[in-house]
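Reader: I am new to protein models. Could you walk me through how to read a few features?

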Amino acid sequence: MIDILLIEDDRVLGGAVAQRLQLEGFQVRWVDTCAAAMDALRQRRPGFVLADIRLPDGSGEDLYRRALPHLGDTPILFVTAFADIGQAVRLVRAGADDYLTKPYDVDALVERIRALASEPGAAGVPVFGLAPATEGLARDLQRLAARDLPVLLRGETGVGKEVAARHMHAQSARAAQPFVAVNCGAIARELMESQFFGHERGAFTGAVSAHAGHFEEAGEGTLFLDEIGELDTRLQTALLRVLQDGVFRRLGARSDQQFRGRIIAATNADLNARMAQREFREDLYFRLAVVELTIPPLRQRPDEVAPLARRFVREAAERNGMPGLRLDDAAMAALAAHAWPGNVRELRNRIERAAALVDGECIGLADLFPEERLDVPLPATLADAREQAELEQIERALALSGGRVSEAARRLGISRTTLWKRRRKPLDDDASASEGATP
């Protein structure tokens with residue numbers, strides 16, 4: 001039975017919707033405030049969330065920001081009046097699944113829930129074990145799901161480290177508890193302690209209310225620390241204490257709280273090099289890496305490209321209401337030949353973009369790789385072709401790295417200086433040619 005969390009402060013509408021959903025065979029928990037919704041999410045992760053965008057103690061954006069660590073892959077659909085459509089659109093862009101405008105058709109809502117929701121405890125099929133390169137990894141993930149040992153996942157950006165962590169959580173005894181994913185590299189250093197440990201009201205300037213940190217939000221669930229290599233050294237010491245003693249303390253609090261959750265960490269950084277440079281604590285590494293698993297890049301698991309692509313197409317088709325969506329032969333051949341510098345994330349993103357923009361129901365080569373233009377003239381010489389290919393790979397690596405030169409250089413296996421020089425060379429050659437040209 002699908003568990004639905006209904007968040008609606010209108011007593012008449014909430015009662016009517018709850019009754020109808022129960023008659024349709026759903027299990028419904030009905031709350032009427034953001035605070036009550038957070039309590040319900042901490043108790044048990046639902047299979048679907050239906051939330052009003054205006055609540056007595058907060059907006060839809062407030063609710064979504066607070067609820068996100070507890071949602072995992074749970075679909076969330078917001079209900080809005082016409083005046084709040086702008087906020088609803090922002091929420092969808094931020095990751096919410098959809099929105100409805102009042103008044104809405106309950107029959108259509110029921111169909112939408114059945115299409116999006118999942119049964120309690122049902123985990124998505126993992127993206128590992130579809131090829132010999134990851135069969136052992138899939139078995140290890142299954143074994144580790146039943147154990148509470150800390151796990152360190154290593155691998156390039158986009159290989160599926162969070163997917164692996166979510167799979168372990170979903171297959172564990174903690175599946176009904178929150179899965180809280182934290183990107184350690186995305187939190188400002190001055191906010192890290194408050195974000196991880198929480199704070200009491202008045203603990204520092206601007207602390208106008210108490211705040212539960214990530215350890216508290218995880219409860220008895222799983223705290224996933226992504227990009228652990230980017231964690232500030234001061235926070236590394238505090239995290240080590242939690243791992244050793246099992247306790248943490250909010251900023252401004254007088255007593256400790258017990259941490260009963262599980263920690264899974266992930267990194268694409270060379271932690272051995274960082275330990276050698278004293279940028280990462282060795283004792284913390286050994287606490288986190290009780291079990292260490294490396295997820296290979298997609299280019300080393302080519303047998304997984306086709307089944308993953310078909311799965312992502314199927315998921316996109318279900319979301320977009322396109323039951324006939326498919327990949328043609330040329331597209332499948334191009335997927336098999338591509339080097340996948342962005343790994344599984346790049347594969348998913350290409351298919352999502354193609355599904356959204358395709359004209360018809362057949363995804364072709366040009367839909368997946370619009371940057372590969374067939375009308376580009378041939379380079380004049382082999383050296384020009386090599387230079388052009390290098391420049392294209394550099395630009396692609398920069399795009400996949402969000403413009404970060406150091407990460408792009410790491411992807412390409414060259415230094416930042418080499419990347420900069422090779423990217424500048426065609427411009428320099430053009431400038432030299434212009435200067436030497438006859439007026």
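**Reading the model**

Author: Gladly! Let's start with R278, which is exposed because its relative accessible area is 75% (exposed means over 50%, buried under 20%, partly exposed in between, with a 1.4 Å probe and protein chains only). This is a predicted model, in which local features need pLDDT of at least 70 and side-chain atom pairs count only at pLDDT 80 or more, while totals for chains, interfaces and linings use all residues. Residues are numbered from 1 along each chain as its sequence is written, and side-chain values use heavy atoms, leaving out hydrogens and water.

Reader: Where is R278 found, and what is its phi?

Author: R278 lies in the loop between α11 (271-276) and α12 (282-288); helices (H or I, at least four residues) and strands (E, at least two) are DSSP runs, numbered from the N terminus. Its phi is positive, about 60 degrees, although R278 is not a glycine. N343 also has a positive phi, near 60 degrees, and is not glycine either. N343 sits in helix α15, and its relative accessible area of 0% makes N343 buried.

Reader: How do I read which way the residues of a helix point?

Author: An α-helix has 3.6 residues a turn, so residues three or four places apart point the same way. In α15, the buried residues are N343, V344, E346, L347, R350, I351, A354 and A355. Viewed down the axis of α15, they fall within an arc of 165 degrees (taken from the directions from the helix axis to the C-beta atoms), so they line one face of the helix. On the other side of α15, A356 and L357 are exposed.

Reader: At what angle do the axes of α6 and α7 cross?

Author: Axes are lines fitted to C-alpha atoms, for helices over the stretch in contact, and angles run from 0 to 180 degrees between N-to-C directions. The axes of α6 (residues 132-145) and α7 (residues 161-170) cross at roughly 45 degrees and come within 8 Å. That makes α6 oblique to α7 (under 35 degrees is roughly parallel, over 145 roughly antiparallel, 65 to 115 roughly perpendicular, and the rest oblique). L141, Q142, L144 and A145 of α6 make the contact with A164, H167 and M168 of α7, where contact means heavy atoms within 4.5 Å.

Reader: Is T80 buried or exposed?

Author: T80, in strand β6 (residues 76-80), counts as buried because its relative accessibility is 0%. Not counting residues up to four places away in sequence, T80 touches I53, I85, A88, Y99, L100, T101 and K102.
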